[in-house]
Amino acid sequence: MNKEDSIKEKFKQALTSTFKVISDDFINNRNKSKFDEKSLEISELENINDKYQFIKLRAETDSQALKKKFSNNKIFEKNIPKKLTCQNLYKTAEKIRYEMLGSKMLKGISKNFYENYNYKLKSIKTEKTTKKEEVNIADAFEIYMLQKFFKIELNKNNKEVLNYWNDDFKKSFDKHINYLKENLENQEVYNSKFSEILQNMEIFDSEESQE
C-alpha cells in the first residue's frame, strides 16, 4: 500500500468511526440499531483528489449519520407532499433539520457543514441565467434555507440565484421561520408544517400531482 492509499484508508476508518458514534451512540440511546457499513456511502473515496472532495465527503458522512439518528422515515413519508417539486424542497427542509440538530450538539459537525456549504455555494455560476424559468427552484430553496438556518453568508452569484425566487419564499416561509426553528427536535410538527406551506404555495398550483 502506497502513502496515498494509506491516507485514504485511515480517512475511511475515521469516517466509519465518526458515523458509528453519531448515528448509534451520540446524544441518547433511542432507536439503536446494528451498524451496517453498506449504508455508509464512502465508495467514492477512491476517486478523491483534492481538499474540497475530502471536506464534501466528511460533511456528507456526518449528514448520513444524523439522518439515521434524528430522521424517522415513517413521519417523513406520512407528511410528504403529493407534488413532485414540493417533495424535492421538503427533502431539503428535512435534511436541514437534522443537520441543524447535529450542528447544535458538536462544533466539529457544524464546522464540517459550514465549510462544505461554503465551497458548494462558491461553485454556483449564473453567467447563462437571465430569467426565473432558467433557475432551478431546488437550488434557490437550498440557498434560502442555508441563509435562514445556517446563517451562511451568500456571495453575488448565490444572491442572484436566490433573487429569482426570494419573493415567493419570503411570502410563504419568512413568517414561519422562528416556529420551525423552535420545533427542530419535533419532526412531526416540523415536517407537517413544511408540507402545509409547500402545498399552499401559489407557484405550485398548476403542477400536476405525481403519478
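Leaving aside neighbours within four places in sequence, Leu198 is in contact with Pro81, Cys86, Leu89, Tyr90, Phe173 and Phe204, contact meaning heavy atoms within 4.5 Å. The place of Leu198 is in helix H10, residues 187-200. Leu198 has a relative accessible area of 0% and is therefore buried; buried means under 20% relative accessible area, exposed over 50%, and partly exposed in between, with a 1.4 Å probe and protein chains only. Between Leu198 and Cys86 there are 112 residues of sequence separation, but their C-alpha atoms are 5.9 Å apart.

The model is predicted: local features need pLDDT of at least 70, side-chain atom pairs count only at pLDDT 80 or more, and totals for chains, interfaces and linings use all residues. Residues are numbered from 1 along each chain as its sequence is written, and side-chain values use heavy atoms, with hydrogens and water left out.

The chain as a whole has 10 helices and 0 strands. Helices (H or I, at least four residues) and strands (E, at least two) are DSSP runs numbered from the N terminus. Of its 211 residues, 43% count as buried. Among contacts between residues at least 6 apart in sequence, 74% join residues at least 24 apart. The accessible surface comes to about 12,600 Å², and carbon and sulfur atoms hold 46% of it; such areas come from the Shrake-Rupley method with a 1.4 Å probe, and for residues only the protein chains shown count as cover.

Helix H5 packs against two helices described here, H2 and H4. Helix H4 (residues 84-105) and H5 have their axes 5 Å apart, at an angle of about 130°. Axes are lines fitted to C-alpha atoms, for helices over the stretch in contact, and angles run from 0 to 180 degrees between N-to-C directions. H4 is therefore oblique to H5; angles under 35 degrees count as roughly parallel, over 145 as roughly antiparallel, 65 to 115 as roughly perpendicular and the rest as oblique. On the H4 side the contact involves Lys95, Ile96, Glu99, Gly102, Ser103 and Met105, and on the H5 side Lys107, Ile109, Ser110, Phe113 and Tyr117. These residues divide into 5 nonpolar, 3 polar and 3 charged. Here Ala, Val, Leu, Ile, Met, Phe, Trp, Tyr, Cys and Pro count as nonpolar, Asp, Glu, Lys and Arg as charged, and the others, Gly among them, as polar.

Glu99, in helix H4, counts as buried because its relative accessibility is 1%. Beyond four places in sequence, Glu99 is in contact with Ser63, Leu66, Phe113, Tyr117 and Phe150. Leu184 is 85 residues from Glu99 in sequence, with 9.9 Å between the two C-alpha atoms.

Helix H2 (residues 51-70) packs with H5 (residues 107-122) at an angle of about 125°, the axes being 9 Å apart. H2 is therefore oblique to H5. From H2, the contact draws on Lys51, Tyr52, Ile55, Lys56, Arg58, Ala59, Asp62, Ser63 and Leu66; from H5, on Ile109, Asn112, Phe113, Glu115, Asn116, Tyr119 and Lys120. Its residues divide into 7 nonpolar, 3 polar and 6 charged.

Lys151 is found in the loop between helix H6 (137-150) and helix H7 (156-163). Its phi is near 60°, a positive value in a residue other than glycine. With a relative accessible area of 56%, Lys151 is exposed.
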